[in-house]
Amino acid sequence: MKKVVVASLLAVASMASVAGPLMAQTQVNLGSNAQATSGGIQMSPAEYKAYNDAISQTTPQTKAPALEQYLTAYPQSSVKGSVLEQLMLSYAAFDPAKTLDAADRLLQVDPNNLRALTFEVYFRKQQADQTTDATAKQAALDKAAEFAQKGLGVTTKPADMSDADFAKVKDAATPVFDGAIAAAALNKKDTATAITDYKAELTSVPVAQTQTPGPLLQDTFILGQAYYQSTPPDYVNCTWYATRAAAFAPEPYKSQMLPLAKFCYKKYHGGDDGYDAVTAAVQTNLVPPADFKIKPAPSPSDIVAGVISSTPDLSTLAISDKEFILANGKPEDAAKVWDTMKGKSVQFPDSTVIAVSDTALQVAVSDDAVQSKTADFTFQLAAPLKTPPAVGAKVTVSGTYASFTPSPIQITMSDGAIVEPKKTPAKAPVHHTAPHH
C-alpha cells in the first residue's frame, strides 16, 4: 500500500492555538518615572518615553515597528532582551519570516530563551511543510530539530519569570519540540526515532488535547504511518493510531485516514471482521491498553495444517492447493502431499510457456503462476522438440513428478513432452446416385 498523504490540519493553526502561554507578554519593571527602584532598571527620560511609547501600542502591526525604532535608537538598551521578545511575539501574529529574524536576534542575547527556541522550531517546521524541494525540506526539518533538541535541554528559568509561568511555557513548548524532532527523523526514514518522539509529543499533553483537530491529531495519524513504514511493518500499532486519528478527525480528513487504518488491520487480521472493537477502544485510550490485542490471521502453515486435517484424500486437491502446501507447509505436511504425487504421470492442458530449451520446457500451470507469468513447472524433455512452442503459447504437457523445491515453488517433471492434439480423421465423401425414373 502506498503512503497515505493527508492534507495538513496544521495549515489553519495559529501559534496561539498551539502554545498559548508562549504569547504571554513579559514587561520589565522600570520603576516609576524611569527612576531606579527595587528591582527596577534606570533609564533616561528620553529612552523611557521611547520604550513606553513602543510597548503601549495596542496592535501587533503598530507595536512591531515601534519596538524596531526603539532598538535602532538604543541598540545597547538594558532591556534589549525583553524588547526583542516582545518584538518576536508581535511579529508572530502576522509575519513568520520577521518572527524568525527576531528570534535569531533574541537568541544572540539570551541563548536559552524558551519562547525564542519554540518559535524557531514552529516556524522552521512550517517552512519545511511548505517546501517541495526534498533537500531543502530535510535541511529545514533538521534545523528545526536542532533548535528543538536545545529547547528540550533548557531547565533553568529566567530570573524575572515565576516558576509557574516557566512551567507553563515549558509544557507548551515540549510537544512542539518533540513533534519537530519526530518529523525530521521520519522524513529521512528513521522510523524508530520518529515513533519515540511522536509518542513523547502525544503523552506530554492532556489527553483531551489529542482529540481536537490540529497538529496533535495529525501527528497521531503520522505516528500510525511511522509504524506502517517500519521494517518490518507494525500493523497493530499502525491500526491503533490511524484509527484513533480518524475517530476524532473531521471530514475530509477522516475519510483520508481510514484507508490506512483498515489496511493495517486487514494485513494483520486477514479480514475486516472485528474492526468495530478497535474503533470503540480508541475512543477512550490514547495508547493501546495492556490487554489490547488483534487476532492475527492464520499463518500459511496453519492454513496448510487445516487443509491436511480436513481432506480425507489429499490426491484430490487441485494443483494450486498442492503447490501451496508444498511451498508453505511444514516438512511433514508437504511430505504427505508429495507422497500422493511423486512418480505419477500427469497431463496439464492449457499450460503457458514461459521458457524453452533443447532439454527443458518451463511452464505456468496454476492460476497464480499464469497471472504472475512465472514458471511453476519444469519439464525435463524426453527428446528435443521438433518445433519448440513460442513463449506465451498454450500447450498440453505430460510428464512424471520427479522432485520439488518449496521457495519459490518449482516442481520438476521427468519424461516431459508436448502432447499433440489428436487429429480427427476426415470423413469419406458420400456419393449420391440419382434415382432412376
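Modeller: A polar contact is a pair of N or O atoms within 3.5 Å, where within protein one must be able to donate a hydrogen and the other to accept it, and where residues adjacent in sequence count only if both atoms are side-chain atoms. Here such a contact, of 2.8 Å, joins the side chains of Glu120 and Arg124. The structure is a predicted model, in which local features need pLDDT of at least 70 and side-chain atom pairs count only at pLDDT 80 or more, while totals for chains, interfaces and linings use all residues. Residues are numbered from 1 along each chain as its sequence is written, and side-chain values use heavy atoms, with hydrogens and water left out.

Biologist: Is Glu120 buried or exposed?

Modeller: Buried means under 20% relative accessible area, exposed over 50%, and partly exposed in between, with a 1.4 Å probe and protein chains only. Glu120 has 0% relative accessibility and therefore counts as buried. Its place is in helix α6, a helix being a DSSP run of H or I with at least four residues, numbered from the N terminus.

Biologist: With which residues is Glu120 in contact, leaving aside its neighbours within four places in sequence?

Modeller: Contact means heavy atoms within 4.5 Å. By that rule Glu120 is in contact with Leu100, Ala103, Asp104, Leu107 and Phe147, once neighbours within four places in sequence are set aside.

Biologist: The side chain of Arg124 meets that of which residue in a salt bridge?

Modeller: A salt bridge needs a side-chain nitrogen of Lys or Arg within 4 Å of a carboxyl oxygen of Asp or Glu. Arg124 pairs in this way with Asp104, at 3.5 Å from N to O. That pair links distant parts of the chain, with Arg124 in helix α6 (residues 114-129) and Asp104 in helix α5, 20 residues apart. Arg124 has a relative accessible area of 17% and so is buried, whereas Asp104, at 29%, is partly exposed.

Biologist: How many salt bridges does the structure hold?

Modeller: There are eleven. One of them joins the side chains of Glu68 and Arg105, at 3.0 Å from N to O, and this pair also links distant parts of the chain, Glu68 lying in helix α3 (residues 60-73) and Arg105 in helix α5 (residues 96-109), 37 residues apart. Glu68 and Arg105 belong, together with Asp101, to a network of salt bridges. Elsewhere, Asp339 and Lys342 meet at 3.4 Å from N to O, and Lys342 is partly exposed because its relative accessible area is 45%.

Biologist: Which residues touch the most other members of the largest nonpolar core?

Modeller: A nonpolar core is a set of buried Ala, Val, Leu, Ile, Met, Phe, Trp, Tyr and Cys residues joined through side-chain atoms within 4.5 Å. The largest one here has 85 residues, and Leu87, Met88 and Tyr198 touch the most other members. Helix α8 (residues 163-187) gives the most to this core, with twelve residues. Apart from it lies another core, of 24 residues, including Leu314 and Met413.

Biologist: Which residues form a disulfide?

Modeller: A disulfide is a pair of cysteine sulfur atoms within 2.5 Å, and a search of the whole structure finds one. Cys238 and Cys264 form it, with their sulfur atoms 2.1 Å apart, and the link is right-handed, with 70° about the S-S bond. It connects distant parts of the chain, Cys238 in helix α11 (residues 235-248) and Cys264 in helix α12 (residues 253-269), 26 residues apart. Both cysteines, Cys238 and Cys264, are buried.

Key
Helices (H or I, at least four residues) and strands (E, at least two) are DSSP runs, numbered from the N terminus.
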